[in-house]
Every structure is written in C-alpha cells, then in structure tokens.
Amino acid sequence: MDIIFYHPSFNNNDWIRALRQALPQANIRAWTPGDNAHADYALVWHPPVEMLKGRQLKAVFALGAGVDSILSQLHAHPEMLPESIPLFRLEDTGMGLQMQEYAVSQVLHWFRRFDDYQALKQQAKWQPLEEYEREDFTIGVLGAGVLGTKVAESLRQWGFPLRSWSRSRKNIPGVTSFAGGEELPAFLHGTRVLINLLPNTPETTGIINRALLNQLADNSYVINLARGVHVVEGDLLAALESGKLKGAMLDVFSREPLPSDNPLWAHPRVAMTPHMAATTRRSEAVAFIAQAIQRIERGEAVSGRVDRARGY
Ligand SMILES: NC(=O)c1ccc[n+]([C@@H]2O[C@H](COP(=O)([O-])OP(=O)(O)OC[C@H]3O[C@@H](n4cnc5c(N)ncnc54)[C@H](O)[C@@H]3O)[C@@H](O)[C@H]2O)c1
Ligand SMILES: O=C(O)[C@H](O)CO
C-alpha cells in the first residue's frame, strides 16, 4: 500500500513518522512536484492539482474538517479528482474539544459581563453591574454537525437555553432543533448568542448578513468559528454600530491573514483570533485516517465521506 502526503505547512517528517507507526505495512512518502509514482491513498490539504490529477487512488483524505477549499479547487479542475474517487474529511479528531473551549469561554465572558467590566476598568470605575439572566441568554448554534453538536453539548451544563439550526432535524438532548430555511426565522427570534459552525457552501456563503442579524435579540453576540465568507462584514459592523450586536468574536475572515486596514481590527467590541479555534491534532487525525484506510482495505463502510453535490 502506497500513501502520499501533502500539507503546505505541517511538518512532513512528524506526520509520516506517525502514519508509519499507525500503518506499518504502508509505504508513506511526502509528495513533491514531479512525483508521479503509484499511490493508493493521498492525504492532502490545499493540494496542487498535479498531485492528484490522473491518479487511480482508492481514496483521498482532507487534513481538516472544512473541505470548501478543495471543493472549489475541484470545481475549477474536475480532472483533479473524478467522482469515482471518494474524498473524506476529518470528523472531530480533537477539534470538538477545542471548539468547546472557545465557545464556552466566550459565552461566559459575555454572560458575566467581563467585556463591560473591562471597559469600566479602562475608566478606572469600580461599578458592579446588573447581572444577566440565563433565560435572556439563549444560545443558537448554526450548523449542528459534528462540531456544532459538541459545542451545544458543552454549553448545556451551564444552564443556557440552547437551540440549533441544521439542514435536517437533530436530536441533541436539551437542545431545541430547528431545520431548513423555513425554520431559520424561528431559530433566530430570541437568540442572544449566535455561534456559527456551518460549512461554507453556495447556500451558506454570506448567510450572516443584515437580514439575519436583524432577527436576533437586541444586544446580541456573534461567534464565528466556521468560515469568514459566512459573514457580510459590512453588515456585522453596521449591527455593532446600531446596537443590535453588543459584541463579536471572530476566528475566521473572508481574507486571511486579515488585511491591516480592515476596520474589524480597531473595533472595540470585536475580539479576534487568527483561524486557530480548532486545529488539526496529528495523533487523533492519524488514528482516524489509519482506521478509515484499514476499513476501506477490508471493504467496510467509512464515516466522513464528503458529498460533493451538497458541498460538505
Ligand atoms: N475555525 C476553525 O479553526 C475551524 C476548525 C474546524 C472546522 N471549521 C469549520 O467548521 C465547519 C463545521 O465542521 P463540522 O465538522 O461540524 O461539519 P459537519 O459537516 O459535521 O456539520 C455541518 C452542519 O451544518 C449543517 N448545514 C450545512 N448546510 C446547511 C444549510 N444549507 N442549512 C442548514 N444547515 C446546514 C449540516 O446540517 C450540519 O449539521 C467546517 O465546515 C469548517 O468550515 C473551522
Ligand atoms: O476546516 C478546518 O479543519 C480548519 O478550519 C482548518 O482550516
């Protein structure tokens, strides 16, 4: 069994060493331009077209959860990966816990008004503030998939009213499920903290816009953990200025790194992180991929296959 590996920034040696430990029977190599030697599997992130084009692969594994980048590449170069070759993505593999850490910490930061106390501190003011009530702090998770479900579950223990929105009805204990476009308004009405964990697809690009934001509760908050293109930045800034939004925590941006002249940098009620909310964890990812390859070799079903028509 031959496996090729490509990631623009991961350490090849570390990954190949881990993969060899998990799959001792496999020949594993870092792909380099011009390498057209046989391969059965490819592990990739932002792969060059030439790496995959024309290969008779058994499967390709994306080294992340979101596959919008490789799907847009495939849209431009369909010859890169025929439909007959399955594309898989990482499901959780350590990203769920990271998303939980991020979301819980930010929700509690706002719920306990630490943002307001920080502003008072800047004014050297000692001023206890009226406490928020949990029943006024409904949290809505856009995208109740692998990661959205983990985030909703982690918030449940804190007693907040929880709801999720997804393509199909979900059954997450303690979380009210809303499904499909027709139920989006009901999901948004009364939501105080909106957490985005949707995949980037033609249907979801630009979804967090003025029309959506206006349907949230007053003094609401947005946490974007998915893709920057989900958010219409001008509409987000306008909602912050109008008071509809009290704060935003953004990990992803339509252009990354975010250009230094982007107004989000200077906004006092926007917090930002550089697309680090949940990074690919090598040991968990290698275990996930190794198990998947072994299942494919045995002719067994594998979780995480990307539906190219659906876009995720
Ligand atoms: N910021 C980061 O560091 C980071 C890390 C990992 C993943 N992500 C992002 O998080 C996203 C979600 O990851 P995941 O593993 O939970 O994905 P997933 O495929 O398991 O879940 C996606 C969810 O979105 C819902 N959905 C998709 N299209 C929809 C639509 N048109 N209407 C309503 N609901 C829709 C699906 O029903 C599903 O519940 C990834 O696509 C990626 O963009 C970001
Ligand atoms: O989708 C993912 O896995 C992360 O956003 C890394 O890009």
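Predicted model: local features only at pLDDT ≥ 70, side-chain atom pairs only at ≥ 80, totals over all residues.
Residues are numbered from 1 along each chain as its sequence is written, chains are lettered from A and ligands numbered from 1 in the order in which they are written, and side-chain values use heavy atoms, with hydrogens and water left out.

An unreviewed UniProt entry lists Arg227 and His275 under "active site"; UniProt positions are given here in the numbering used for this model, feature names are shortened, and such annotations may be inferred rather than shown by experiment. The two residues are spread over 49 residues of sequence, yet they cluster in space, with a largest C-alpha distance of 9.0 Å. Arg227 is found in the loop that runs between β10 (220–224) and α9 (233–242), and His275 has its place in the loop between β12 (270–272) and α10 (282–297); helices (H or I, at least four residues) and strands (E, at least two) are DSSP runs, numbered from the N terminus.

Are these residues buried or exposed, or something in between? Arg227 counts as buried because its relative accessibility is 18%, while His275, at 36%, counts as partly exposed; the cut-offs are under 20% relative accessible area for buried, over 50% for exposed, and partly exposed in between, with a 1.4 Å probe and protein chains only. Leaving aside residues up to four places away in sequence, Arg227 touches Trp45, Gly66, Asp68, Asn196, Asn200, Val252 and His275, where contact means heavy atoms within 4.5 Å. His275, with its neighbours within four places likewise set aside, is in contact with Arg227, Asp251, Val252 and Glu256.

Asp68, one of the residues that Arg227 touches, is also among the buried residues of helix α3 (residues 68–76), together with Ile70, Leu71, Gln73 and Leu74. The buried residues of this helix pack against β3 (41–44), α2 (49–52) and β5 (87–88).

Taken alone, ligand 1 exposes 870 Å², of which the protein buries 93%, the areas coming from the Shrake-Rupley method with a 1.4 Å probe; for residues, only the protein chains shown count as cover. A polar side-chain atom of Arg89 lies 2.8 Å from an oxygen atom of ligand 1, and a backbone N or O atom of Arg167 lies 3.0 Å from a nitrogen atom of the ligand. In total 28 residues surround ligand 1, the closest being Arg89, Val146, Leu147, Leu225 and Asp251, and a residue is near a molecule if one of its heavy atoms lies within 4 Å of it. The elements α4 (95–111), α6 (146–156) and β7 (162–166) each supply at least two residues of this shell.

Val146 and Leu147 are also touched by Asp92, which lies in the loop between β5 and α4 and is buried, with a relative accessible area of 19%.

Definitions and conventions
Polar contact = N/O pair within 3.5 Å; in protein donor to acceptor, adjacent residues only side chain to side chain.
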